[in-house]
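Here's a quick briefing to keep beside the viewer. Have the model open and follow along as we go.

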Amino acid sequence: MLGYFGPAGTFTHQALLSLASDEELQPFSTVPGTLDAVRDGIVRAGLVPIENSVEGGVSATLDNLAAGPPLVIVAEVLLPIQFGLYVRPGVRLTQVRKILTHPHAAAQTRNWVAAHLPAAEVTEGGSTAGAAAEVADPDSPYDAAICAAVA
């Protein structure tokens, strides 16, 4: 079994799908939880984000690799990131006022949002996949999620 920093539908999940064959995949809610699952033998390997082209190193990963029993990096995935602005059916771009996404996604898309949706308020949440799930709820206060197509 392989672990990854989840939930399902994140870019980390997408990156692992590009490597994994038919193995079972297990999401973990935190980077430390993913790395500890490897250390504890719950999964044979785990995939976590280590660097972001806009925000730089992912401190949660770097800090947790430096602490605790040592781990060995055995593979690297360079994932070209493409974000989309996703809405519920029937919502038009002109109606988008409240957007939910992950802080790194917000940083990577801030110029596009400023140019195309200058009145929209961007709220940062735990993951792009979580943002997609929230926006899919008809009772959500958010109009759109910035996330990956896999979400």
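E6 and E9 pair in the antiparallel sense over four bridges. Before going further, note that this is a predicted model, where local features need pLDDT of at least 70, side-chain atom pairs count only at pLDDT 80 or more, and totals for chains, interfaces and linings use all residues. Residues are numbered from 1 along each chain as its sequence is written, and side-chain values use heavy atoms, with hydrogens and water left out.

A few terms for this part:

- Strands (E, at least two residues) and helices (H or I, at least four residues) are DSSP runs, numbered from the N terminus.
- Two strands pair if DSSP finds at least two bridges between them.
- Contact, or touching, means heavy atoms within 4.5 Å.
- Angles run from 0 to 180 degrees between N-to-C directions, with axes as lines fitted to C-alpha atoms, for helices over the stretch in contact.
- Buried is under 20% relative accessible area, exposed is over 50%, and partly exposed is in between (1.4 Å probe, protein chains only).

Now the sheet itself:

- The sheet is open, with four strands in the order E6-E9-E7-E8 and mixed pairing.
- E6 and strand E8 (121-124) sit at the edges with a single partner strand each, so one side of each has no neighbour in the sheet.
- From one strand to the next, the twist averages 30°.
- Helix H5 (residues 128-136) packs on this sheet and touches E6, E7 and E9, its direction making about 155° with that of E9.
- Strand E7 (residues 98-101) runs parallel to E9, joined by two bridges, and here leucine 100 has alanine 145 as its bridge partner.
- In a regular strand, side chains alternate between the two faces of the sheet.
- Strand E9 (residues 144-147) is covered on both faces, with Ala144 and Ile146 buried on one side and Ala145 and Cys147 buried on the other.

## The three-stranded sheet

- Another open sheet has three strands in the order E2-E1-E3, with parallel pairing.
- The average twist is 30° from one strand to the next.
- Strand E1 (residues 2-5) and E2 run parallel and share four bridges, with leucine 2 standing opposite leucine 25 in E2.
- Helix H1 (residues 11-19) packs on this sheet, touching E1, E2 and E3, and its direction makes about 150° with that of E1.

## Around helix H1

- Most peptide bonds are trans.
- Glycine 6 and proline 7, however, are joined by a cis peptide bond, with omega about 20°.
- You'll find proline 7 in the loop between E1 and H1.
- Histidine 13 lies in helix H1 and counts as buried because its relative accessible area is 13%.
- Setting aside neighbours within four places in sequence, histidine 13 contacts Tyr4, Pro7, Ala8 and Leu25.
- Valine 77 is in the loop between H3 and E6 and, at 25% relative accessibility, is partly exposed.
- With neighbours within four places in sequence left out, valine 77 contacts Ala15, Ser18, Leu19 and Leu47.
- Valine 77 and isoleucine 99 are 22 residues apart in sequence and 28 Å apart in space, C-alpha to C-alpha.

## Salt bridges

- There are two salt bridges in the structure, each defined as a side-chain nitrogen of Lys or Arg within 4 Å of a carboxyl oxygen of Asp or Glu.
- One of them pairs arginine 44 with glutamate 23, and their closest N and O atoms are 2.5 Å apart.
- This pair links distant parts of the chain, 21 residues apart: arginine 44 is in the loop between helix H2 (31-39) and E3, and glutamate 23 is in the loop between H1 and E2.
- Arginine 44 is exposed, at 58% relative accessible area, whereas glutamate 23 is partly exposed, at 25%.
- Aspartate 36 and arginine 39 also meet in a salt bridge (3.4 Å, N to O).
- Both of these residues lie in helix H2, three residues apart, or about one turn of the helix.
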